[in-house]
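This briefing walks a new reader through one protein model, topic by topic. Please keep the sequence and the structure in view while reading.

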Amino acid sequence: MKNLAGKAAIVTGAGRGIGRAIALELATQGAAVVVVDPGLGRGGEVTEDAPAAQVVGEIEARGGRAAAALQPVDDYAAAGAIVGQCVAAFGRVDVVVNCAGVLRERMIWNLGEDDWDTVIRVHLKGHYNMCHHAAKVMRGQRGGRLINFASDAWRGSVGQANYAAAKGGIVSLTRALARELGRYGVTANAICPIAATRMTMNQGVIDGMKRRLETGLITQERYGAIMAMPGPEFVAPMVAYLATDAAADVNGQIFHVEKGRVSIYSEPVEEKALLKAQDDGLFTVEELMAAVPGCLLVGHPNPAPAESETS
Ligand SMILES: NC(=O)c1ccc[n+]([C@@H]2O[C@H](COP(=O)([O-])OP(=O)(O)OC[C@H]3O[C@@H](n4cnc5c(N)ncnc54)[C@H](O)[C@@H]3O)[C@@H](O)[C@H]2O)c1
């Protein structure tokens, strides 16, 4: 069944990994797809690779319609040109899937300015660029789907402060866009995927996991689970679903998607409060010292307690 017949989609980072699987799935579902990928290395290095053309070839070989775009999404004008290309080639922009991504993993004290800027620029600014330009078209069309790629790392992950911050920004951006654009029939949702790609399962990762297993830092069971990470094709159907008319009322949600499992994040809400009515509501430091641990912090342990000097 072609659930996306007549629709035009842009998928960024579609030359490899999750983006490629999504481009193939959207095309299978009947959408015409702009396959965006300049063919960069895992950390954003320039390479000779031309994966976008290959994916366009795969789609066309299956009887679908596709066009390649080689511009980087972190360039504001280039992102505008990608949206313009989709309109020129396919007449409209119904779906934008923001899958382009790079990774530079370092602890904060080793995380250089370029590592910070590159990851924030490609992920967070890249999302802004594509959503901004597409929103102008979608608002005029009175309909559209923005499907963003966050990560479970948005909750805070070690050695990825730049990536976690970018992904947290994408969660907030998505929630804001949902509220700004919903009235125009445009939805914005985000996905936190798990899939074996060169981002998650390259030789460096495999070697690192082996070392962790050998030094007892992870169990054989955990090692086996990581090595058996499912492929990106398991993420694609959820994205295709969000792109359909059937998902017109799904808006502002953050999903986790992997093989055999789709889940939804809870709404971030204030959980409990300390209230002070006297003294114009001005807490003293001593009052907070006395009340915060026994009230607000119950159920909120320190995620990384200080090591003792002897441990
Ligand atoms: N694989 C996972 O388990 C996982 C987990 C959490 C989040 N994610 C997110 O999912 C998305 C896809 O990841 P993946 O694992 O498929 O990665 P991948 O490395 O396999 O593919 C990313 C693609 O993005 C392209 N790209 C990089 N910079 C670009 C730019 N500036 N403009 C356009 N394209 C660019 C690359 O050339 C590459 O082909 C990313 O946003 C990633 O952060 C992936």
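In this predicted model, strand β6 (residues 186-193) runs parallel to β7 (254-258), and 4 bridges join the two strands. Within that pairing, Ala190 stands opposite Ile254 of β7.

**Strand β7 and its hairpin**

- β7 also pairs with strand β8 (residues 261-264), this time in the antiparallel sense and over 4 bridges, and in this second pairing the bridge partner of Phe255 is Ile264 in β8.
- The hairpin that β7 and β8 make has 2 residues between the strands, and Gly260 takes a positive phi near 70° in this hairpin.
- β7 is a mostly covered strand, with 5 of its 5 residues buried.
- The side chains of β7 point two ways, with Ile254, His256 and Glu258 on one side and Phe255 and Val257 on the other, and all of them are buried.

- Strand β2 (residues 32-36) pairs with β1 in the parallel sense over 5 bridges, and Val34 in β2 is the bridge partner of Ile10.
- Strand β4 (residues 95-98) pairs with β1 in the parallel sense too, over 4 bridges, and here Val11 stands opposite Val97 in β4.
- Together with helix α1 (residues 17-28), the strands β1 and β2 make a right-handed β-α-β unit.

**The largest nonpolar core**

- The largest nonpolar core holds 37 residues, and the members that touch the most other members are Ile22, Leu26, Val35 and Ile191.
- Two or more residues of this core come from each of β1, α1, β2, α2, β4, β5 (144-149), α8 (236-243) and β7.
- Among these elements, α1 gives the most to the core, with 7 residues.
- As a general background, nonpolar side chains tend to be buried together in soluble globular proteins.

**Salt bridges**

- Side chains of opposite charge can pair when their charged atoms come close, and a search of the whole structure finds 14 salt bridges.
- One of them joins Glu105 to Arg42, with the closest N and O atoms 3.4 Å apart.
- Glu105 lies in the loop between β4 and α4 (113-141) and Arg42 in the loop between β2 and α2 (51-61), so this pair ties together parts that are 63 residues apart in sequence.
- Glu105 itself counts as partly exposed, at 37% relative accessibility.
- Asp94 forms another salt bridge, with Arg92, the closest N and O atoms being 2.8 Å apart; Asp94 is buried, with a relative accessible area of 8%, while Arg92 counts as partly exposed at 34%.
- The side chains of Glu271 and Lys272 meet in a salt bridge as well, at 3.8 Å from N to O; Glu271 counts as exposed at 56% relative accessibility, and Lys272 is partly exposed, with a relative accessible area of 33%.
- Salt bridges that share partners also join Arg104, Arg106, Asp114 and Asp115 into one network.

**Domains**

- The protein is divided into domain 1, which covers 8-195 + 230-264, and domain 2, which covers 272-303.
- The C-alpha centres of domain 1 and domain 2 lie 41 Å apart.

Terms used. Residues are numbered from 1 along each chain as its sequence is written. This is a predicted model: local features need pLDDT of at least 70, side-chain atom pairs count only at pLDDT 80 or more; totals for chains, interfaces and linings use all residues. Side-chain values use heavy atoms; hydrogens and water are left out. Two strands pair if DSSP finds at least two bridges between them. A crossover is right-handed if, with the strands pointing away from the viewer, the path from the first strand over the helix to the second runs clockwise. A salt bridge is a side-chain nitrogen of Lys or Arg within 4 Å of a carboxyl oxygen of Asp or Glu. Buried means under 20% relative accessible area, exposed over 50%, partly exposed in between (1.4 Å probe, protein chains only). Domain bounds come from an automatic or database domain assignment. A nonpolar core is a set of buried Ala, Val, Leu, Ile, Met, Phe, Trp, Tyr and Cys residues joined through side-chain atoms within 4.5 Å.
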